[in-house]
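The model is shown below.

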Protein chains: 2
Amino acid sequence: MTPPRRRRTAGDAIVAGELQTFKARFFRALAHPTRIRLLEILVHGGRTVQELQQALTLDQPLVSQQLAVLRNQNVVSTQKEGLSVRYTLRDPLVGELLDVARRIFNNQLVGTRGLLRELRREARRP
Amino acid sequence: MTPPRRRRTAGDAIVAGELQTFKARFFRALAHPTRIRLLEILVHGGRTVQELQQALTLDQPLVSQQLAVLRNQNVVSTQKEGLSVRYTLRDPLVGELLDVARRIFNNQLVGTRGLLRELRREARRP
DNA sequence: TGATAGTATAGCAATATTATAATATACATG
DNA sequence: CATGTATATTATAATATTGCTATACTATCA
């Protein structure tokens, strides 16, 4: 059975799913190991590209590229400081989001010893 | 040519970024409009595929396909009920995660009238 | 067992992301 | 204004996702 569907026209209210598209884009911005690592550092305060690069030991273009993804989704903001550019979380709630996620992983990973141990270490870290 | 690989054994250290890879996969599971819509329904309780399909007015294979993504990342679990399959959030914290995300969007969307209004409507909804 | 309802999967073209390397830009400072 | 330093962008080949459509289970019931 195929449910009926119709196109959206000019005067339509916001169609169900438009907001979800927006949300999905936000989550997609987080959906990359490097970007998670960047955010987990930025949660503790603003950092320059250089500092981030050194912390992750990655090539500079790669760091800038991933930062650009976060920037495009308004997850982080930038401010010039002389030659450097400092990146900051646009909303501290992102930290809370990562915390909730961590709790979910914790529940999920019970039984997967190694990852679980690292997860606990993270939770303890300031 | 397949590069050599070996299974991780008990005493192995965890490579930097492995946990982040895991987290990234989780976020990627949420990074799709349809999957967000599914989760926002499931937050209110378990639903059969049929119920979800009707709520979203989407073709059945598409719903099953997206549910499969959530299932593969252990975001939801299933239980058979006669001919039907009921999907349930594996962890109620997912609801909290979506809530925090909603608060982030709310901050972010100030000024974007339409979406913001819809967002508020959502927050009020039980 | 055959028919049917409810779900799941396969196959495939279109599209989007990613890693990597190479190249650009911006700007403080001499 | 030339130069060096810190960031940013581009190009592109490899890979992964998505939306469809068609097809395949699986359990129930006549």
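By class, the surface near DNA strand C has 10 nonpolar, 10 polar and 1 charged residues; here Ala, Val, Leu, Ile, Met, Phe, Trp, Tyr, Cys and Pro count as nonpolar, Asp, Glu, Lys and Arg as charged, and the others, Gly among them, as polar. The model is predicted: local features require pLDDT of at least 70 and side-chain atom pairs count only at pLDDT 80 or more, whereas totals for chains, interfaces and linings use all residues. Residues are numbered from 1 along each chain as its sequence is written, while chains are lettered from A and ligands numbered from 1 in the order in which they are written.

A residue is near a molecule or strand if its C-beta atom, placed from the backbone, lies within 6 Å of it. Of the 21 residues around DNA strand C, those that come nearest are A:P61, B:T48, B:Q50, B:P61 and B:S84. Helices (H or I, at least four residues) and strands (E, at least two) are DSSP runs, numbered from the N terminus. At least two residues of the surface near DNA strand C come from each of α4 (60-72) of chain A and α3 (49-56), α4 (60-72) and β3 (84-89) of chain B.

Around DNA strand D there are 22 residues, of which A:T48, A:V49, A:Q50, A:P61 and A:S84 come nearest. The surface near DNA strand D draws at least two residues from each of α3 (49-56), α4 and β3 (84-89) of chain A and from α4 of chain B.

Chain A has 6 helices and 3 strands, in the order α-α-β-α-α-β-β-α-α along the sequence. Of its 126 residues, 25% count as buried, that is, with 20 or more other C-beta atoms within 10 Å of their own; a residue is exposed with 12 or fewer, and partly exposed in between, the C-beta atoms being placed from the backbone.

Helix α1 (residues 18-30) of chain A has 13 residues and reaches 19 Å from its first C-alpha to its last, close to the 18 Å expected at 1.5 Å a residue. The expected span is 1.5 Å times one less than the number of residues. Buried in α1(A) are A:L19, A:K23, A:A24, A:F26, A:F27, A:A29 and A:L30.

Helix α5 (residues 93-109) of chain B has 17 residues and reaches 24 Å, close to the 24 Å expected. Its buried residues are B:V94, B:L97, B:A101, B:I104, B:F105 and B:Q108. Seen down the axis of α5(B), these buried residues fall within an arc of 100°, so they line one face of the helix; the arc is that of the directions from the helix axis to the C-beta atoms.

A nonpolar core is a set of buried Ala, Val, Leu, Ile, Met, Phe, Trp, Tyr and Cys residues joined through C-beta atoms within 7 Å. In the largest such core, of 47 residues, A:F27, A:L30, B:F27 and B:L30 touch the most other members. The largest share of this core, 6 residues, comes from α1(B). Leaving aside neighbours within four places in sequence, A:F27 is in contact with B:F27, B:L30 and B:A31, contact meaning C-beta atoms, placed from the backbone, within 7 Å.

The contact between the chains takes 37 residues from chain A and 37 residues from chain B. On the side of chain A that touches chain B, α5(A) gives the most, with 11 residues. The residues of this side divide into 20 nonpolar, 9 polar and 8 charged.

Notes. Two residues are in contact if their C-beta atoms, placed from the backbone, lie within 7 Å.
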